[in-house]
Amino acid sequence: MIQISNLGHKIGGAQILHDITTSFPKGKLTALIGPNGAGKSTLLRLVGRLDPLQQGEITVAGHDVSRTPTEELARVMAILGQQTAIASRLRLSELVAFGRWPHHQGRPGADDRAKVAQALDAFALTPLANRFLDEVSGGQAQRAHIAMAFAQDTDWLLLDEPLNNLDMSHARALMARLRDLIDTQGRSVGLVVHEINYAAAWADHVIAMKDGRIMAEGFADDVLTEAVLSDLYDAPIAVGRHQGRPLVLHHA
Amino acid sequence: MRPMPALLMALCALMLASLTVGAAHVDLRDIFSDPQAMLVLLESRVPRTVAVALTGAALSVAGVLIQALVRNRFVGPDTAGTAEGAALGLLAITILLPSSPLWLRMIAASLSAMATTWLFLTVIRRLPVREVMLIPIAGLVLSGVLGSVVTFIGWQTDLMQYVGVWLMSGEFSGVIAGRYELLWVAAVAAGLAWFAADRFAILGLGDQVATGLGLSTASVMRLGLAVVSVVTAMVVTTVGMIPFVGLVVPNLVARIMGDNLRASLPVVALSGAVLVMACDLIGRLVIYPYEVPAGMILGIFGALLFLWLLHRRPAHG
Ligand SMILES: Nc1ncnc2c1ncn2[C@@H]1O[C@H](COP(=O)(O)OP(=O)(O)OP(=O)(O)O)[C@@H](O)[C@H]1O
Ligand SMILES: [Mg+2]
């Protein structure tokens, strides 16, 4: 479980997060939703110790994020940030291979190589493995970043808008793969997603944020309702049902 | 063609040529029968050849490191305030302790180079990330300011002849046995960087990715800072700053091989050695038997190569 208690965060004097207490359940897919600027990325970055904690406490599978050595945390959780543009000129296979670095610190074994090959394959990157990162399309680069997080092979996987730039079939493939990690290997996933229907179709647990606060959280069925969503996005939103799950309609 | 064997062959050929070129005639075939030739070879030609190769290799590696530290390709140890910092340290120790031993001067140059490079890193931390060109400009400004300070103090204290050697000439004609061995320190420092090659490559991916992979960015930064400073300080102390190598060679190699530093650092080192070796040889041949400083030849070639690089990849940082 990821436990967040009394989390507050300021950037340049402005209060970005207000006293947040919540949790990401273990063995579930948790979706963070909310309008632009709600504080989703900030929350995820704090959980992933990408920014220092100012106020409050976060534990990931029992590890206090502010006190556990960073290399130890890298074997517990993998995090993919929202900004993935990097200036380095790496081949896709080299980038994905760095996902294994927390485990081998520079001396990859056969197991590490196998996991890299597996991650490349899982995201249909094997034919592009020798291409440079600055010579592939945006969606292909995004898939390489996700594959790196996958190769890290941690109990927790945190992804900030992983569906960015992905076409419909790769987006669905990613969600199915996340589902598979959770259902067959007992992993846990937290992801920020704007396309609500991906949350509706695949998430177990939804946390809705607005203005640095949590507006609603719980089972997808309970959070993805007309009342909550209309309030969250300040716009009338209709919710139907499809195959026993909520279906959010933006052309109501 | 694989780069390593080709570069090794080129380097060997250039080094052999370097052993034979010079005002005194040396024929490599009869050095064992000619004690005079043997003396020239051991006292002057071999030291010079080794010094050139070590300088080129170490400066190029330092260039890769500083570029990874600042995540910008348009920076080198000669445009990050490092060389001027080393000169400042040398100047200070020369004024304060005129008869100081070599090891003390070496430490003073290294520490001072670290301080000014650290200043550069601190300054650019505050610059907006998107403005790719601000970082090299900040480096040029800082180098310029530090260079002026060094020159001013040099004038005031009548030490301009030294300052000129450290910062302007960059040439190897003064290298003889016993006066270039500090460059081995530079080479060892650069060699150490290879063991942390993965860490520098990960650092180059940005703070976010590096932290996510559990890398302690601060300690890698410190290591990089130390290697860049020591390499530059040794070069400045021994032969004077050589421009452009640390900027151009990492860029050329990254174009072809990418930034997987574990694989590319040896190629970078060899390419640097080849480039400086070639420039030194050209400098010795163009107005034979007189010499043009290798630094000057590099200034011309380096500028041309750099313009070509800028032209090839305008938008990338
Ligand atoms: N570096 C920064 N400096 C100042 N304000 C910032 C900074 N980063 C984020 N903010 C502010 O913090 C708030 C939360 O930002 P955050 O990135 O967490 O939002 P988000 O929910 O992820 O939005 P999006 O859906 O657009 O990604 C926003 O109001 C944003 O303007
Ligand atoms: Mg965001």
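In chain B, the side chains of Ser18(B) and Thr49(B) form a polar contact at 2.8 Å. The model is predicted. Ser18(B) sits in helix H1 of chain B, which spans residues 3–20. Its relative accessibility is 0%. Ser18(B) is therefore classed as buried, the cut-off being under 20%. Beyond its neighbours within four places in sequence, Ser18(B) contacts Arg45(B), Thr49(B), Met277(B), Leu281(B) and Arg284(B).

Backbone geometry was examined next. Most residues other than glycine have a negative phi, and most peptide bonds are trans. Two non-glycine residues with positive phi are described here, one in each of chains A and B. Asp234(A) has a phi near 55°. This residue lies in the loop between helix H10 (226–233) and strand E11 (238–242) of chain A. Asp234(A) counts as exposed because its relative accessibility is 61%, and the threshold is over 50%.

Arg71(B) also has a positive phi, about 55°. Its loop connects helix H2 (35–70) to helix H3 (82–96) in chain B. With a relative accessible area of 24%, Arg71(B) is partly exposed.

The peptide bond between Tyr288(B) and Pro289(B) is cis. Its omega is about 5°. Pro289(B) falls in the loop between helix H12 (261–285) and helix H13 (294–312) of chain B.

Technical notes: Residues are numbered from 1 along each chain as its sequence is written. Chains are lettered from A and ligands numbered from 1 in the order in which they are written. This is a predicted model: local features need pLDDT of at least 70, side-chain atom pairs count only at pLDDT 80 or more; totals for chains, interfaces and linings use all residues. Side-chain values use heavy atoms; hydrogens and water are left out. Helices (H or I, at least four residues) and strands (E, at least two) are DSSP runs, numbered from the N terminus. Buried means under 20% relative accessible area, exposed over 50%, partly exposed in between (1.4 Å probe, protein chains only). A polar contact is a pair of N or O atoms within 3.5 Å; within protein, one must be able to donate a hydrogen and the other to accept it, and residues adjacent in sequence count only if both atoms are side-chain atoms. Contact means heavy atoms within 4.5 Å.
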